[in-house]
Amino acid sequence: MVLDKAVAVEQSPLVLRDVATPLPQPGEVRVRVHVCGLCHTDLHTVEGDLAPHKRPVIPGHQIVGVVDALGSGVTNYKEGDRVGIAWLHSTDGSCEYCGRGLENLCLNGRFTGYDVDGGYAEYSVVPAEFCYSIPDVFSDEHAAPLLCAGIIGYRSYRLAGIRPGENLGLYGFGASAHLVIQLARYQKCNVFVFTRSEAHRAHARELGAAWTGRAEDTPPEPLHAAIFFAPAGSLVREALRVLRKGGTLALAGITMSQIPVLNYELLYHEKIVRSVANATRQDGREFLQLAGQVPLRTEVELFDLAEANQALQKLKKSEIRGAGVLRVRPAL
Ligand SMILES: [Zn+2]
Ligand SMILES: [Zn+2]
């Protein structure tokens with residue numbers, strides 16, 4: 001499903017057509033795609049909210065499939081191995097950020113389905129060092145949402161600095177939040193979920209939320225940390241209002257509407273507001289291992305590859321429960 005030109009997703013900009021099968025370059029593997037998860041970033045790519053990098057481009061960066069060809073020099077995978085491909089496609093390994101363990105901020109980082117073709121396709125290529133092994137406990141379709149929603153959720157959770165038994169707020173309850181709540185419950189945190197959608201509130205309670213409400217509501221106890229999955233900057237003030245002294249508010253979205261002027265008293269007492277950008281391979285490996293241990297349950301709604309436009313339209317309207325996943329080929 002190829003994007004030539006970014007327009008509103010209601011106009012179905014993705015086109016099903018044949019393209020040349022990619023060849024793995026030295027150090028790369030080619031993956032025969034089984035499934036690819038849907039992400040809001042795909043929607044931002046398709047609609048042009050993100051500056052265009054590659055045109056035409058095949059979106060998709062939560063890919064699960066099997067290695068089907070090896071570039072020269074690849075020794076850590078063999079044909080037939082099941083692997084995942086995530087948003088971080090490659091880095092230079094040499095810039096100041098890579099040197100400081102912040103490869104997510106690499107000056108020359110390249111991203112799957114944005115700088116290079118992604119997983120809304122039958123094949124995708126990636127440097128072997130940027131592949132992930134998938135725990136056996138997950139089927140292909142249930143593993144797909146772990147690769148972006150899960151990994152970025154995990155980095156946000158880590159950067160929010162929440163400790164076992166503390167109170168965590170989640171703003172928005174889509175694909176990431178429904179994984180983070182399970183991780184937080186596994187670590188004995190009390191989770192308070194803020195969302196406008198009654199369906200999402202009910203889902204959060206099923207997954208162990210201690211309380212649910214709207215962003216304007218006041219939870220029974222103040223929060224030690226909160227993670228924003230909602231792209232609504234206007235709600236930052238509401239979150240700071242119910243955050244304890246020294247608490248962190250982590251903003252996990254790749255885009256967000258404007259944050260209104262804040263009275264300093266909302267931020268005083270060493271509260272921290274920080275963004276979260278991309279994730280490192282270490283985040284991915286740690287998270288996938290933990291996800292298998294818990295094990296995290298992903299709820300997925302399946303679509304055929306050719307239905308990618310309709311699936312993204314549903315994502316835009318928050319009509320997908322859990323995570324949307326495109327089925328490219330049936331699992332072997
Ligand atoms: Zn994503
Ligand atoms: Zn770098």
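**Close-up views of a predicted model**

**View 1. Surroundings of Glu28.** Glu28 contacts Leu23, Leu70, Gly71, Val74, Val125, Val126, Pro127 and Ala128, leaving aside residues up to four places away in sequence. The model shown here and in the other views is predicted. Glu28 belongs to strand β3, which spans residues 28-37. The residue is buried but forms no salt bridge. Arg110 is the nearest side chain of opposite charge, 6.9 Å away. A salt bridge would need a nitrogen-oxygen distance within 4 Å.

**View 2. The site of zinc ion (ligand 1).** Three protein donors hold this zinc: Cys39 (SG), His61 (NE2) and Cys148 (SG). Along the chain, the donors follow the spacing C-x21-H-x86-C. His61 sits in the loop between α1 (40-47) and β4 (63-70). Cys148 sits in the loop between α3 (140-143) and α4. The pair therefore ties together parts that are 87 residues apart in sequence. His61 has 1% relative accessibility, so it counts as buried. Cys148, at 11% relative accessibility, also counts as buried.

**View 3. The site of zinc ion (ligand 2).** Asp92 (OD), Cys95 (SG), Cys98 (SG) and Cys106 (SG) coordinate this zinc. Their distances run from 2.0 to 2.3 Å. The 4 donor atoms subtend angles of 93 to 118 degrees, so the arrangement is tetrahedral. The ideal angle for four tetrahedral donors is 109.5 degrees. In sequence, the donors are spaced D-x2-C-x2-C-x7-C. Cys95 counts as buried because its relative accessibility is 10%. Cys98 counts as buried at 15% relative accessibility.

**View 4. The largest nonpolar core.** This core holds 47 residues. Tyr157, Leu168, Leu170 and Ile227 touch the most other members. Elements giving two or more residues to the core are the helices α4 (149-160), α5 (177-186) and α9 (281-293), along with the strands β10 (167-171), β11 (190-194) and β13 (223-228). Helix α4 gives the most, with 7 residues. A second, separate core has 40 residues, among them Val29, Val46, Leu88 and Ala128.

**View 5. Contacts of Leu168.** Which residues does Leu168 touch, not counting those up to four places away in sequence? Its partners are Tyr157, Ile162, Val180, Ala184, Asn190, Val191, Phe192, Leu223, Ala225, Ala226 and Ile227. Tyr157 and Ile227 are, with Leu168 and Leu170, the residues that touch the most other members of the largest nonpolar core.

Definitions and conventions
Residues are numbered from 1 along each chain as its sequence is written. Chains are lettered from A and ligands numbered from 1 in the order in which they are written. This is a predicted model: local features need pLDDT of at least 70, side-chain atom pairs count only at pLDDT 80 or more; totals for chains, interfaces and linings use all residues. Side-chain values use heavy atoms; hydrogens and water are left out. A nonpolar core is a set of buried Ala, Val, Leu, Ile, Met, Phe, Trp, Tyr and Cys residues joined through side-chain atoms within 4.5 Å. Buried means under 20% relative accessible area, exposed over 50%, partly exposed in between (1.4 Å probe, protein chains only). Helices (H or I, at least four residues) and strands (E, at least two) are DSSP runs, numbered from the N terminus. Contact means heavy atoms within 4.5 Å. Donors are N, O and S atoms within 2.8 Å of the metal (3.2 Å for Na, K and Ca); water is not among the atoms, so sites may look incomplete. Four donors count as tetrahedral if all angles lie between 85 and 135 degrees; four count as square planar and six as octahedral if opposite donors are over 155 degrees apart and all others between 65 and 115; anything else is irregular. Lys and Arg count as positive and Asp and Glu as negative; His and the chain ends are not counted.
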